[in-house]
Amino acid sequence: MRRRTVLAGALAATSVTAAGTARAAGPGPSVTHRGTTRLDPQALYFVSYDGLVNNNSFQKNGLLTHQGHQYAAWYTASRHAVVARRPLGAGTWSTVTLPHRLKADDSHNVISLGVSRTDGRLHLNMDSHSDGFFYVKSVAGLLDDPGGTAWTPSVFGPVRTTLDGLALTSQFTYPQFVATPEGRLQLSYRAGVSGDGRCALAEYDGARWTALGEWTGATGTYTSAHGSSTARNMYLHGLDYDTRGRLHALFTWREQNAAVMCSRGGITNHDTGYVFSDDRGRTWRNDAGTVVGTTGGPDKVCVGDSGLVVDPLSPDHSLMNQESQFTDSAGRPHAIISYVPGRIGRCTTGYVADRTAHGRAFHLRKNASGGWQKTEIPVPLGSSQRTKLVLDRYDNAYAVFPFGRIAAASQTSGYTDWTLLFDGGGLNAFGEVVVDETRIRADHVLSFLYQEKSTGTTPSALHVADFALPA
């Protein structure tokens, strides 16, 4: 692919900080393709739940950066789990094959990576969908001295079905690792099943894992214009600490009972909600700051709690779950949500076909005045799948659409100038991509993992594409 730079948004003279003082504005968004590296010429390929097991955007993280090195994980054509690393900017990756093989053709069974800065270990959680998980961690200090530590199977411990002896739940799904500001590592997951599950947390302090407990509830009654449901689960768009140490979570609810929809061919997701925690996920508050739940306690965040919904939407629009979120330099949360807007259709009858034909992505954010604003991104989804969101050092926003397309909007415009910067040409990407959320701050590069389209179960190439952002 040829190298090119694309710009969006005009350079403004000044902008306003969270404190209300004027400062010189940074440049608008741009992407410059630096190159693409190949991880695997024949990675495992099968389509399940409309996605690939190596490229589900809810992985946190399938691709990450730490101490000048980038790490990736995937399943090979032989179904073995592999973890790889490279120095940032290098053209080749060093791989380690782990003693675990994917047990089922299920795209939920992703591999997620996490870093515990307290002891310099790399952690992997993999291969679970409402059942048991598999876990492995590296030796201490591996990530602190990558140049001086051999990258061999010997640096990883045994694959376990517990967190070093801590059993969590027999119905485990959606591992997401989150690093706390002081360097501990938290593991977010769902206990239970779709439509009847709870969000929960565990925490690693450098010596041992502790179960913090569940923080959402599945009970309560939700009633739409069509019917009611008495069970559900919260689907997180993300879980992220901002620079001030606040933990943010945007989410949608998935109802168990299809009676809440206008058509059973839709999807029961509804509303976008928001909660935050200022005590490392122990206590949860709504947007107004009112406590609505306690992790491990009797009071959980539930659908009937007041002040949770920041963008209301009925279950009739095929709202997607687990899309994307990011926080800006002022600690304000942003999200991408996508659905079929009411002007196009008020009753989706087949969520895959309707989202592909009519779905649109929206940028939802909290503004400096404390309100929530939503802007439609003028790029048709053309897919049933998810879009990822990142912000650069100037708080310009980038949406990475299915097939590796990149759109962006400038902070100085108030995120009103969304423009397609890269059309995905030459990638031949299947659909969703896995974005390295940590590399943005490391060296101002947007890096994402994608897999080439294939057919049936024929393996295909797995790549990482790199795009320079404004420095």
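1. A word on residue classes to begin: Ala, Val, Leu, Ile, Met, Phe, Trp, Tyr, Cys and Pro count as nonpolar, Asp, Glu, Lys and Arg as charged, and the others, Gly among them, as polar. By that scheme, the lining of the largest cavity divides into 6 nonpolar, 3 polar and 1 charged residues.

2. Please keep in mind that this is a predicted model, where local features need pLDDT of at least 70 and side-chain atom pairs count only at pLDDT 80 or more, while totals for chains, interfaces and linings use all residues. Residues are numbered from 1 along each chain as its sequence is written, and side-chain values use heavy atoms, with hydrogens and water left out.

3. Now to the largest cavity, with a volume of about 100 Å³. A cavity is a set of points on a 1 Å grid over the protein atoms alone where a 1.4 Å probe fits but cannot get out, and lining residues have an atom within 4 Å of a point; the volume is the space filled by probe spheres set on the points, which are joined across faces, edges and corners. Its lining includes Tyr174, Arg190 and Tyr235.

4. Asn269 also deserves a look. At 0% relative accessibility, Asn269 counts as buried (under 20% relative accessible area, 1.4 Å probe, protein chains only). Its side chain makes a polar contact of 3.0 Å with the side chain of Asn321 (a pair of N or O atoms within 3.5 Å, one able to donate a hydrogen and the other to accept it; residues adjacent in sequence count only if both atoms are side-chain atoms). A polar atom of the Asn269 side chain also lies 2.7 Å from the backbone oxygen of Leu319.

Notes:
Buried means under 20% relative accessible area, exposed over 50%, partly exposed in between (1.4 Å probe, protein chains only). On a 1 Å grid over the protein atoms alone, a cavity is a set of points where a 1.4 Å probe fits but cannot get out, and a pocket is an open set with protein on both sides within 12 Å along at least five of seven lines; lining residues have an atom within 4 Å of a point.
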